Number of protein chains: 2
Amino acid sequence: MLPYRELSDAAARAIDDSRASLQYGTPEYQIKESIVELMRMREVECHINEVFLTTGAQQALSLLVQLLLPSVSRSVLVEEVVYPGFRQALEPFNPRLVPVRTDFVHGLDIEAADWAIRQSRPKPTLFYTTCVGHNPLSLTMSAGAHNGLMELLCRHRITVIEDDVYGLLQYENRAVPPLRALSKDGVVYVGSFSKILAPSLRVGWIVAPPKYIAALSALKEGSDINTATLSQRIIASYIERHSLSSRLNILRDNYRVRRDTMHRELLCELDGIAQWQKPTAGFFMWLHGVGLGDTTKLLSTAMKRRVDFVPGTAFSVARSQRYRSTMRISFSHCPAEAMREAVVRLAASIRDHQPRRAA
Amino acid sequence: MLPYRELSDAAARAIDDSRASLQYGTPEYQIKESIVELMRMREVECHINEVFLTTGAQQALSLLVQLLLPSVSRSVLVEEVVYPGFRQALEPFNPRLVPVRTDFVHGLDIEAADWAIRQSRPKPTLFYTTCVGHNPLSLTMSAGAHNGLMELLCRHRITVIEDDVYGLLQYENRAVPPLRALSKDGVVYVGSFSKILAPSLRVGWIVAPPKYIAALSALKEGSDINTATLSQRIIASYIERHSLSSRLNILRDNYRVRRDTMHRELLCELDGIAQWQKPTAGFFMWLHGVGLGDTTKLLSTAMKRRVDFVPGTAFSVARSQRYRSTMRISFSHCPAEAMREAVVRLAASIRDHQPRRAA
């Protein structure tokens, strides 16, 4: 699904066209302009001065945690099922985590969040979420729920780190905008070229109020000086000759087919054994149901059949047993024509595993 | 001085040869093998399991600070003139800094270090240094001084972060080995491809005792997931067809000429006005002397003549006025044939500045 030929040309051209491609350097203006354009597709108007380049979205999370966590009384509101990379970014600072119940169908429980914030001492000042294409739950919050959530967070003066790396990969007619479209000051937005161009370039971005940019620069310099100039120039060279918008259409069309195929095959093989929702965005499906047994143990059985997934407990903030029979499976890496075989193998692994569970 | 043509080919080849070049990935075995080879040139025997890849040497410093700083009673021994990137890496953790006097000619004062360690509460547990091609002082410690320093640090159970990014760029017959050659457990070593291949690849490395590697991996994942696979594969492709050893010889030969030319031109233009030593390693010369006036103010005058340097106070831990008349100049970026003009401009800037200082 990645544009190999185009990026190979772009890489050679980037170095041939400018010796600056191999040196340290300041961020590329063209890339920031493209990001402003991508943000416009997400219904966010922002200025180039609000865009900050990072070594992938993961570094964006790491820098934002460093920037936004207070030096004392550190407390962060998170969904009880959360992208583990965010927890890894928090780890060096060891804040108190305030988990909020997240329903597998309806997503974040706003009333529960309100209650959790009120109960918590110290009060959380930061909240991390992925409203579109949640990883791992694959849910996308409705625009209505966005309003309720932002109202709650504003009331409690909690800043949002919004991880929108799947925001440009929505598969239905009407794309849901990010929280950042509702609030310029209360939301710091994270995006990435990893899912739309290539992960190995390690280029992501933050859209933040201008008051944060100087402090982010200092933290970034301390972390890795600057975002690889070569990667930046490869992206700039790519954009010069190719349209990101067409690229996104190709990705959406292909991932949509993979998603639909996986959904259909799951219905054939696992109906009644597991439940899931057909996601409208992102790369994943979230399977749950007692029929799956202990998915951590299931994994080794599945690996023998050369099928892979992530057991749900890996995403649980409390490593709760509630997630014993849940898993995240990915449709993004599997071509549609191989999907049947993959799902059949997964189902066979689950069946293999049943008698041993019973024994 | 960078191998543009070779790296442009390597970049195209890396993507054409393997689709994995555009994905997330585990570190390249070939690169780690090359690093073991480079370490051997530095008289260090290490195993591939002790090598850890980072997004440039700066990330190595940042991760090591996170790994090695205790959670309470944070105290770090530093030379009073230090690479600012190390201070930036420390900043998020705000440790107490214990500065040690560093002489412009003789380098770190070991007796003063012993005294500073004894006086300090909490006791420092970490020390950062560049023994070869010090940045900014451009000094290289003698092997004898290495022994004294390691003895002191072992006695006080202080771990060393050794920044050896200029270790492979020594210009005299006998290269000085790093501290790591003396101690496997007390020294964590940092190297980089930035100075020997290209900075924009953002690939550096740590050589650390194996007990640290798992913790480094977790911190690295939280910081930026993994070191750009594309950069890794570009280096691997380069190494496949070209010898790093020949590359190092080319660099040393060229930088030696630049250094000698700068030294000669400085003798013509600034003898009696400033003092400096001809460095045996690295990229810099350190000028000092009251004749330079206030180098922070001098900078704007020099910039008008399109000559650049870094005022010495930028490297002072205490921002001390002792460094008012010091500066770091770099010979690495200036071709030998342009060196006369550059030094003449610098000298003219200093002369320009004199009357205003007197007035």
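Chain B and chain A bury about 3800 Å² between them, and 59% of that area lies on carbon and sulfur atoms. The model is predicted. A rotation of 180 degrees with 0.0 Å of shift along its axis superposes chain B on chain A, at an RMSD of 0.0 Å. This is the relation of a two-fold axis.

**Interface of chain B and chain A**

- The size of an interface is often given as the accessible area lost when the parts come together.
- Chain B contributes 44 residues to the contact, and chain A contributes 44 residues.
- B:Tyr4, B:Leu22 and B:Ser200 supply 18% of the area that chain B buries against chain A, more than any other three residues.
- The copies meet through the same surface, because 100% of the interface residues of chain B are also interface residues in chain A.

**Salt bridges**

- Side chains of opposite charge can pair when their charged atoms come close.
- Over all chains, a search of the whole structure finds 47 salt bridges, and two salt bridges are found across the interface of chain B and chain A.
- B:Asp16 and A:Arg5 form a salt bridge through their side chains, with an N to O distance of 3.4 Å.
- The side chain of A:Arg5 also meets that of A:Asp9 in a salt bridge, at 2.9 Å from N to O.
- A:Arg5 and A:Asp9 are four residues apart in helix α1 (residues 4-17) of chain A, so about one helical turn separates them.

**Helix packing in chain B**

- Two packed helices are described by the angle between their axes and the distance between the axes.
- For helix α2 (residues 29-41) of chain B and helix α8 (residues 229-241) of chain B, the axes come within 9 Å and cross at roughly 65 degrees.
- The crossing of α2(B) with α8(B) is left-handed.
- On the α2(B) side the contact is made by B:Gln30, B:Ile31 and B:Ser34, and on the α8(B) side by B:Gln232, B:Ile235, B:Ala236 and B:Ile239.
- Of the residues in the contact of α2(B) with α8(B), four are nonpolar, three are polar and none is charged.

**Backbone geometry**

- Most residues other than glycine have a negative phi, and most peptide bonds are trans.
- A:Arg121 and A:Pro122 are joined by a cis peptide bond with omega of about -5 degrees; A:Pro122 lies in the loop between α5 (110-119) and β6 (126-129) of chain A.
- In chain B, the peptide bond from B:Asn135 to B:Pro136 is cis, with omega near 20 degrees, and B:Pro136 lies in the loop between β6 (126-129) and α6 (143-155).
- A:Glu43 is not a glycine, yet has a positive phi of about 65 degrees; A:Glu43 lies in the loop between α2 (29-41) and β1 (51-54) of chain A.

Definitions and conventions
Residues numbered from 1 in each chain as written. Chains lettered and ligands numbered in written order. Predicted model: local features only at pLDDT ≥ 70, side-chain atom pairs only at ≥ 80, totals over all residues. Heavy atoms only, no water. Least-squares fit on C-alpha atoms with pLDDT ≥ 70 in both. Contact = heavy atoms within 4.5 Å. Axes fitted to C-alpha atoms, helices over the stretch in contact; angles between N-to-C directions. Helix = DSSP H or I, 4+ residues; strand = E, 2+ residues; numbered from the N terminus. Left-handed = near helix turned anticlockwise from the far one by under 90°. Nonpolar A, V, L, I, M, F, W, Y, C, P; charged D, E, K, R; others polar. Buried area = accessible area lost by both parts, 1.4 Å probe. Salt bridge = Lys/Arg side-chain N within 4 Å of Asp/Glu carboxyl O.
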